[in-house]
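Please read it with the coordinates open.

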Amino acid sequence: MKSISKSVNKTLNISRYPEIPPGTKLIKKGYVFVMLLIVGRAIEAASKVDQSVKKIFGDLPERFTFYLGVAPGGPYMVIGKDKQGNVKYLGWNLYGRKIDLGLDIKNLESAFKVFTFQESTAQAFAYDRFIVEGNLPQALAVVRVIDIVEIHLLPKVIARLAVKRYPKWSELSPVKKHLNRVRIYLKSFSPGLIKVIYRNL
Amino acid sequence: MFMPDFYDFCSRAKTISGENALEKIPGHLAGLNANRPLIITDKGVEDAGLIDMVRDAMGDELQIGPVYNNIPVDSDYKVVDEIAGIYSRESCDSILAVGGGSVIDTAKGVNIVVSLGGGSLLDYQGAGKVRKRLNPLAILPTTTGTGSEMTLVAVIADPDRHVKMGFVSYFLLPDLAVLDPRLTKTLPPFLTAATAMDALSHACESYYCMEKNPLSDAFALRAIRAISENLLHVVKNPDDTQARLELANASTMAGVAFSNSMVGMVHNIGHTIGAICHVPHGNCMSILMPYGMEYNLHRRAGYIGELLFALGGPETYAQTRKNERPEKVIALVRRLNEDLHDATDGKHPRFLKEIYNPQGEQAIPKSMLSEIARNIMADGARMYNPEELLPDDARMVLEHAWEGTPLDRRKIKKGGKK
Ligand SMILES: [Fe+2]
């Protein structure tokens, strides 16, 4: 189907080429912004609740700060380890921060695909939609964290599209999984969220 | 047939191939306005007489500069900086890299420093620092495997910080790749086997992993056919010039395929073993290749089955039913390993426990497998493997590859969408 629609587009007269109204772009940008905020908060929460996420952050250097965002110009989410090693969602501003690792999705369209889970993170990497500024092993660790968080956060039908492998129930006791999910949700939307938003404005 | 939503592909190194390819180098360098190349090679290559042979072949049309032969097994930036100094002092204007992977990576590093004019390679770390055309570089591969003459990366170590720096830029592609059967003539049969199996793994993995695209597929299939038709023959008859030229071409084609489509878990696990146990890359590749196929079979049976035409020939392909083709491919790779083992008097290892270091000790003790499995998460190839590969999975694969037993298919975790 896709290849057919592509070839049709090619034969279109350029002047009749459907223009994407700016409104759509704004909606997409807003959607990606909100998703980044949710994922960012969920990463912070997961770093306290999920053992593998905790371990991955433990192995990253002290005061490690990274962002995931859309090039050029955002939106972004910034995450960092503080002095005590606690993982914090730091908001959406890059300015004035020492960034160790940057993950940029090349454009808004690709970011929209990733965050509407039409494409797994791995597939997006394969289609060359990411620009990595920094050390590759660290980038891989961060992508793994995002995968785990998506498994926690999303219902199974959607998470199956977002990650390469959705864990079997046998590997993840349902009680524990849902408990973790509830804890991550609660932590993601706790009053701390308002604090972060306030600080970033 | 498969057409990805999006892909990019770039391969722009001029390639010359043939029994007299070396003689053509001066003309090609002249076309690039260069006539005083620095030669970078390693001691093994020089001792085998290859540098003298290259000099003789090119005659006195070039004013060849110094020959630098002190390349360590893992290219490091200090050597790069030292060679860059020699290049400038001796007013060279181009580089001839004669050797295998580490020589080629070193040469690419040197070319960055001498062309962009910095004091040290360290100035060019980080993404996107190399964005200008570099000086002329000709690569003369002496193994039949790495395919580095077609890749846009150079991996160079910083021994003080214990890190490997990756330099990625289209400008790292050489201006000229030279494939001449005389260059691989002195390669011992067991190294021909190991390096060609590395090339085979590049072609196969690029064909069934996640960045597969139609252009890479074409290169991969032709490479697989050349290797399956010629490798065993060359190992038994090292003097067959034409067959050796086929292998050299296969290695280059597989290099194009994997440079554009990347590789998967065979390289992910293989790189990790290499970093921890310092065993030859090609040995790990030949052993792990059938396991990579078995592990990804539930997602990639179709593509793996398609490889049978290139790997087994048209008759085998026609005689094998469609649903049996993937298993046949895996069986053929295993049989090729067995045949190479016999043809090299056991020097070509079939399982991880059969790899020995130069002191004659087992290079990968079974006790190391857990450590290897724990470390697989830091290698980029994991992104491109179709099925997820976590340390527990790697551990399971490693145990089978160590003993030489096929994977227990029930133990492969299958999840997510296809
Ligand atoms: Fe390789």
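1. **Conventions.** This is a predicted model, in which local features need pLDDT of at least 70, side-chain atom pairs count only at pLDDT 80 or more, and totals for chains, interfaces and linings use all residues. Residues are numbered from 1 along each chain as its sequence is written, chains are lettered from A and ligands numbered from 1 in the order in which they are written, and side-chain values use heavy atoms, with hydrogens and water left out.

2. **Chain A overall.** Chain A has nine helices and five strands. Helices (H or I, at least four residues) and strands (E, at least two) are DSSP runs, numbered from the N terminus. Along the sequence the pattern reads α-α-α-β-β-β-β-α-α-β-α-α-α-α. Of the 201 residues of chain A, 47% are buried. Buried means under 20% relative accessible area, exposed over 50%, and partly exposed in between (1.4 Å probe, protein chains only). Take the contacts in chain A between residues at least 6 apart in sequence: 65% of them join residues at least 24 apart. A contact here is heavy atoms within 4.5 Å.

3. **Strand β4 of chain A.** This strand (residues 101–105) is mostly covered, with five of its five residues buried. In a regular strand, side chains alternate between the two faces of the sheet. On one side of β4(A) sit L101(A), L103(A) and I105(A), on the other G102(A) and D104(A), and all are buried. Pairing requires at least two DSSP bridges between two strands. With β1(A) (residues 65–70), β4(A) pairs in the parallel sense over five bridges. There, L103(A) is the bridge partner of L68(A). With β5(A) (residues 130–133), β4(A) pairs in the antiparallel sense over four bridges. I105(A) stands opposite F130(A) in β5(A).

4. **Sheet in chain B.** What is the strand order of the open sheet of six strands in chain B? The order is β1-β8-β5-β4-β2-β3, with parallel pairing. β1(B) (14–17) and β3(B) (67–68) stand at the edges, each with a single partner strand, so one side of each lacks a neighbour in the sheet. Inspect the β4/β5 pair too: five bridges join β4(B) (residues 94–99) to β5(B) (residues 137–141), and the two run parallel. G99(B) stands opposite P141(B) in β5(B).

5. **Interface.** Chain A gives 27 residues to the contact and chain B gives 27 residues. The area buried between chain A and chain B is about 2400 Å², with 52% from carbon and sulfur atoms. Y127(A), K164(A) and R165(A) supply 33% of the area that chain A buries against chain B, more than any other three residues. Buried area is the accessible area (1.4 Å probe) that two parts lose on being put together, summed over both.

6. The structure holds three cavities of 30 Å³ or more. A cavity is a set of points on a 1 Å grid over the protein atoms alone where a 1.4 Å probe fits but cannot get out; lining residues have an atom within 4 Å of a point. Grid points are joined across faces, edges and corners, and a volume is the space filled by probe spheres set on the points. The largest cavity has a volume of about 70 Å³. Its lining includes K164(A), R382(B), M383(B) and E388(B). Helix α6 of chain A (residues 136–153) gives the largest share, four residues. By class the lining has four nonpolar, no polar and five charged residues. Ala, Val, Leu, Ile, Met, Phe, Trp, Tyr, Cys and Pro count as nonpolar, Asp, Glu, Lys and Arg as charged, and the others, Gly among them, as polar.

7. **Second largest cavity.** The volume is about 50 Å³. Among the lining residues are T184(B), L187(B), P189(B), V234(B) and R244(B). The elements that give two or more residues to this lining are α6 (189–208) and α7 (214–236) of chain B. The classes are five nonpolar, two polar and two charged.

8. **Backbone checks.** A cis peptide bond joins A71(A) and P72(A), with omega about -10 degrees. P72(A) is found in the loop between β1 and β2 (76–81) of chain A. M262(B) is not a glycine, yet has a positive phi of about 65 degrees. M262(B) is in the loop between α8 (241–261) and α9 (265–277) of chain B, and is partly exposed at 30% relative accessible area. H278(B), also not a glycine, has a positive phi of about 50 degrees. H278(B) lies in the loop between α9 and α10 (281–319) of chain B, and is exposed at 62%.

Key
On a 1 Å grid over the protein atoms alone, a cavity is a set of points where a 1.4 Å probe fits but cannot get out, and a pocket is an open set with protein on both sides within 12 Å along at least five of seven lines; lining residues have an atom within 4 Å of a point.
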